[in-house]
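Hello,

Here is the structure I promised to pass on. My notes follow below it.

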Amino acid sequence: MIRLTNLTKAYGSFLAVDNINLHVPRGQLFGFLGPNGAGKTTTLRMIAGILRPTNGTVEIAGADVARKPMEAKSRLGFIPDRPYVYDKLTGAEFLRFVAALYGQDGPIIERRMDELLALFELTEWKNELVESYSHGMRQKLIISSALIHRPEVIVVDEPMVGLDPRGARFLKELFRAFVDRGGTVLMSTHTLEVAEAMCDRIAIILGGRIAASGTMADLREQTESGDSSLEEVFLKLTGGIVDRELDVILEA
Amino acid sequence: MASSRPAPVPSFHSPSLGTVLTPKWRSALARLRQERSVANPKYFFLALVAAGFWAAAFGVFYRVLLYVHAQQEIGAALAAKILGVILLSFAAMLLLSNLITALSSFFLARDLDILVAAPVDWLRFYLAKLLETIANSSWMVVLIAFPIFTAYGVVFRGGIWFPLVAITAMVPYIVLPAVIGTAIMSILVNVFPARRTRDLLSLVAIGAAGGLVLLFRLIRPEQLAKPDGVRNLLEYLSALRTPANPFLPSEWAARMVMNWLVQIADPLPVALLWTTAPAFVVLGALLHQRLYAAGYSKAQEGANKATRRGGWEWPFERALRRLTPSKREFILKDLRVFFRDTQQWSQLILLAVLLIVYLFNIRSLPLFSGEKTPVFLVTLVVFLNQGLAGFVLAAIAARFIFPAVSLEGRQMWLLRSSPLDLRALLWSKYWTGTTPLLALAMMITVTTNVLLRASTFMMAISLGTVFCLTLAISALALGYGALYPRFDAENTAQIPTSFGGLLFMMTSIVLLGIVIVIEALPVMSYLRAQLVGARTTVDTRMVLALAAVVAICAAATIIPLRLGLRRMEEMEF
């Protein structure tokens with residue numbers, strides 16, 4: 001469903017993403033992990049068509065994002081890490097606007113909008129300007145907007161940030177149900193427990209390259225980690241905490 | 001178990017003014033370096049345009065001052081009066097600009113959370129933010145003042161120390177409106193209900209509109225242009241020498257500069273400027289100390305108002321229903337955001353006042369004193385009025401169309417990840433801005449031409465020209481807005497005063513100049529025929545000239561839109 005071939009992104013001489021090859025098949029929840037600055041967000045933004053790759057291709061359901069952007073993007077729902085939305089629109093107006101960007105309007109969209117707002121407990125805020133929403137509410141509104149046009153693929157960057165435990169729990173259930181119905185989710189997260197519990201497969205990106213990829217069992221095997229948790233695998237790949245540094249910071 | 005002994009208070013020095021300001025000047029330097037590295041030849045060309053603009057401004061003032069200087073009796077007094085009027089207009093611009101900037105730099109800026117939470121001494125905080133406000137709000141006035149002061153220095157032979165005198169006069173003159181603007185904003189933020197802080201700009205705009213009318217009456221420009229209204233030379237001279245208002249710092253600055261130029265030893269203006277400005281800074285700082293904490297806290301409370309569908313939306317929805325959902329909703333979104341953002345629509349109040357002043361000026365022109373209609377003069381004024389109308393339209397486009405792309409910045413993730421064609425986005429933005437501008441342009445042209453009793457030929461020429469110019473000016477505004485976006489602007493009003501906004505205005509003025517020069521050919525042919533009482537015949541030269549104007553305007557419409565589209569396609573977020 002999502003296929004990355006030799007995907008590369010360079011900023012001058014700095015390689016943010018270095019020749020990544022990845023395939024996320026239909027009906028899978030795929031976790032994309034890595035330390036800060038590893039290239040996760042850059043990769044996701046290239047998949048969403050926001051950034052142009054320096055090299056390589058991105059395909060969504062067989063459509064090349066660069067060559068057939070309209071076809072590829074119409075199947076995608078993107079949830080960014082920072083919830084920037086139009087402050088001067090109401091929640092309902094924002095959802096109606098996003099639906100229209102995907103060429104959809106009318107009573108079906110109105111009904112779906114009400115369903116989504118109710119699902120995310122935003123019905124009371126439907127006619128309030130977004131500028132009065134909290135961070136978590138904005139995040140919920142953006143997640144609703146990514147679902148309004150019934151996408152086949154969801155690409156999501158740090159979905160749990162800003163959500164309360166109830167919202168986070170609901171989102172996990174939502175993604176699982178979406179995948180069980182044949183959808184595909186590519187999710188970047190720092191919450192390793194969530195990734196371990198939810199994801200069918202996981203890739204760990206380091207310095208713009210995929211350091212390890214596969215199921216939890218595959219990752220343990222690749223890193224020779226025995227029965228370790230994902231956190232242990234992750235730290236083994238990315239480098240552990242240096243106790244000496246902690247001492248330097250905390251001692252007066 | 002942890003010890004209950006309180007930790008010793010660490011020795012602490014509040015960060016210096018330089019430290020507080022470091023992120024600002026380092027960011028400015030980084031932006032300059034980034035922009036420089038983008039394309040050198042382009043910046044060389046732009047520097048050339050800027051130099052040309054300055055040279056033209058200098059040339060105009062040089063000629064005017066040379067003429068004024070030659071008037072033995074009244075030369076120096078008239079030059080001083082002109083400088084006073086210019087500086088008073090600048091002071092009004094500075095006060096408005098400082099009010100707008102102070103709201104964002106003191107109360108809404110994104111760096112405030114860090115600064116307010118840090119142990120920064122209140123005085124250093126005030127001075128740092130005041131300097132930031134001055135830099136952001138006054139740089140354009142300084143740029144415009146540069147060729148004017150140079151012209152004064154050259155014509156009156158100010159000598160090598162003149163630049164220092166001009167700077168000494170300008171520094172306190174610029175500081176004063178910044179302190180006053182900041183103080184007014186501090187009071188307004190405290191007085192206004194917390195949820196309406198962001199709507200303060202509408203109040204500022206209404207105040208500014210009133211101030212503009214007051215300023216217009218204060219300057220009384222008709223007195224300078226119509227000396228015959230005064231009984232004798234002595235009275236005229238005395239009117240010239242009397243300051244418009246002895247309490248205005250613009251008068252002190254003008255007198256300080258002119259005293260140097262005509263070699264009058266009078267320390268009073270220097271003393272007034274250099275005692276008042278520091279005194280105001282001290283008073284402003286004390287006011288800041290008393291009011292800031294409460295004001296900043298109030299400013300953080302967001303507007304929390306329910307919005308019902310406005311009555312104005314129905315006609316638009318009906319009119320746009322034939323468009324595709326994405327185009328229709330995009331235009332409706334732009335309109336909603338515009339009318340709900342006080343920062344944007346409050347500028348409409350100012351615009352309305354400016355237009356009234358403009359039409360009033362046209363009506364007051366002393367063209368029809370005799371019985372016979374002066375064909376030459378009327379035709380000339382109607383012709384040149386096209387340029388003035390074009391300038392007014394460019395100023396409006398700078399305010400409302402130029403920021404269009406910048407305002408999408410933070411939401412660009414949504415537009416780029418959706419199947420919305422960027423061409424459609426630009427198309428929507430172009431027509432949302434151009435349609436009202438075109439209606440306004442036609443209204444201004446018809447009204448001024450009726451006031452000027454223009455002939456049918458001149459009415460047709462000016463309507464056609466202004467139509468083509470409006471399409472081109474809108475495209476230039478949108479194109480430059482896409483080429484030089486300000487995604488980091490914390491206030492909509494800051495976007496048109498950016499580097500790109502200045503370039504847009506310069507390019508528009510150059511376009512207006514070219515069109516006026518080319519159209520002078522057919523208008524001259526028409527005038528010649530009118531003066532000898534012959535019929536105006538449309539000859540090849542006339543057709544070619546008009547075709548050239550259409551071609552230039554078409555190029556000025558298509559090229560910036562294409563460049564803007566390409567830039568948007570290349571943008572990365």
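Asn385(B) is buried, at a relative accessible area of 6%. That is under the 20% cut-off, so the residue counts as buried. Bear in mind that this is a predicted model. Asn385(B) sits in helix α15 (residues 375–400) of chain B. Setting aside neighbours within four places in sequence, Asn385(B) contacts Tyr358(B), Ile362(B), Thr448(B) and Leu452(B).

Next, a helix pair. Helix α17 (residues 422–451) and helix α20 (residues 540–570), both of chain B, have axes that come within 10 Å. They cross at roughly 135°, and are therefore oblique to each other. The crossing of α17(B) and α20(B) is right-handed. From α17(B), the contact uses Leu422(B), Arg423(B), Leu425(B), Leu426(B) and Tyr430(B). From α20(B) come Thr557(B), Leu561(B), Gly564(B), Leu565(B), Met568(B) and Glu569(B). Seven of these contact residues are nonpolar, two polar and two charged.

Then the cores. The largest nonpolar core has 156 residues. Phe175(A) and Phe504(B) have the most contacts inside it. Helix α18 (residues 456–483) of chain B gives this core its largest share, 13 residues. A second, separate core has 68 residues. Phe107(B), Ala145(B), Tyr173(B) and Val175(B) are among them.

Best wishes

Notes: Residues are numbered from 1 along each chain as its sequence is written. Chains are lettered from A and ligands numbered from 1 in the order in which they are written. This is a predicted model: local features need pLDDT of at least 70, side-chain atom pairs count only at pLDDT 80 or more; totals for chains, interfaces and linings use all residues. Side-chain values use heavy atoms; hydrogens and water are left out. A nonpolar core is a set of buried Ala, Val, Leu, Ile, Met, Phe, Trp, Tyr and Cys residues joined through side-chain atoms within 4.5 Å. Buried means under 20% relative accessible area, exposed over 50%, partly exposed in between (1.4 Å probe, protein chains only). Helices (H or I, at least four residues) and strands (E, at least two) are DSSP runs, numbered from the N terminus. Axes are lines fitted to C-alpha atoms, for helices over the stretch in contact, and angles run from 0 to 180 degrees between N-to-C directions. Angles under 35 degrees count as roughly parallel, over 145 as roughly antiparallel, 65 to 115 as roughly perpendicular and the rest as oblique. A crossing is left-handed if the near helix is turned anticlockwise from the far one by less than a right angle, and right-handed if clockwise. Contact means heavy atoms within 4.5 Å. Ala, Val, Leu, Ile, Met, Phe, Trp, Tyr, Cys and Pro count as nonpolar, Asp, Glu, Lys and Arg as charged, and the others, Gly among them, as polar.
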